[in-house]
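Subject: Structure handover

Hello,

Here is the structure for your files. Please open it first, then read my notes below.

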Amino acid sequence: MESLFGGQLGLLGGNEGLKEDGCGVGWSNSPLSEDMYSASHFALISAYQDIKTRLAGLERENADIKRKLKIYEIKFPMISEFGDDRNSYCSFEPKDTVLLQSENGSLQQRVNMLTLELQKSKEREEQLEDVIQAYEKIHMEKSSLQRDLDKMLR
């Protein structure tokens with residue numbers, strides 16, 4: 001930076017600029033040259049354009065997030081029940097907690113019953129497969145005996 005501006009960091013033009021001295025950065029009273037003013041002006045314009053671009057990107061991202069939130073509120077209506085205080089979703093009243101716990105208990109019982117039914121169904125399916133295999137074996141033996149009988153009768 002010192003090689004470009006001769007030890008001064010000109011930001012806005014006019015009679016003041018930042019000057020690097022041995023102890024840090026201080027103010028200089030020397031006026032900025034036209035080249036330094038143009039460079040500062042260009043730097044400000046570039047920074048402004050960069051900020052505008054980032055702001056537009058953030059606004060698009062914000063709009064996308066709002067759109068996704070609306071979609072989620074439609075899919076999961078309980079999201080919209082929390083209103084503007086979205087951080088209080090865990091603060092239920094005691095009666096709500098008791099109700100949720102009882103619903104959770106009944107749902108857990110239902111899951112256990114369905115799991116047991118599924119297990120019994122699988123056992124029945126395995127038994128049915130065993131019966132089918134035994135039937136196929138008996139059918140093959142019958143066919144074999146039938147052929148042997150037909151050969152004897154010829």
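Start at Asp 64. Asp 64 is partly exposed, since its relative accessible area is 37%. The scale runs like this: buried is under 20% relative accessible area, exposed is over 50%, and partly exposed is in between (1.4 Å probe, protein chains only). Asp 64 pairs with Arg 67 in a salt bridge, where the closest N and O atoms are 3.7 Å apart. By salt bridge I mean a side-chain nitrogen of Lys or Arg within 4 Å of a carboxyl oxygen of Asp or Glu. Both residues sit in helix H2, three residues apart, or about one turn of the helix. Arg 67 is partly exposed as well, at 45%.

A word on the basis. This is a predicted model, in which local features need pLDDT of at least 70 and side-chain atom pairs count only at pLDDT 80 or more, while totals for chains, interfaces and linings use all residues. Residues are numbered from 1 along each chain as its sequence is written, and side-chain values use heavy atoms, with hydrogens and water left out.

How many salt bridges does the structure hold? There are two. Asp 50 is partly exposed at 38%. Arg 54 is exposed, at 51%.

Now the overall layout. The protein chain has three helices and three strands. Their order from the N terminus is α-β-β-β-α-α. Helices (H or I, at least four residues) and strands (E, at least two) are DSSP runs, numbered from the N terminus. Of the 154 residues in the protein chain, 8% are buried.

UniProt's unreviewed entry places "coiled-coil region" at residues 48-75 and 104-138. Such annotations may be inferred rather than shown by experiment. In the model, residues 48-75 are 100% helix and 0% strand, with end C-alpha atoms 40 Å apart. Residues 104-138 are also 100% helix and 0% strand, and there the end C-alpha atoms lie 51 Å apart.

Last, the surface patches. Patches are made of residues with over 30% relative accessible area and no salt bridge; like charges are joined within 9 Å, and nonpolar side chains (Val, Leu, Ile, Met, Phe, Trp, Tyr) within 5 Å.

- Negative patch: Glu 123, Glu 125, Glu 126, Glu 129 and Asp 130 form it. Asp and Glu count as negative, with the charge placed at CG of Asp or CD of Glu. Glu 123 lies in helix H3 (residues 94-153) and is partly exposed at 43%.
- Nonpolar patch: Leu 128, Val 131 and Ile 132 make up about 270 Å². Areas come from the Shrake-Rupley method with a 1.4 Å probe. Ile 132 is in helix H3 and is partly exposed at 40%.

Best wishes
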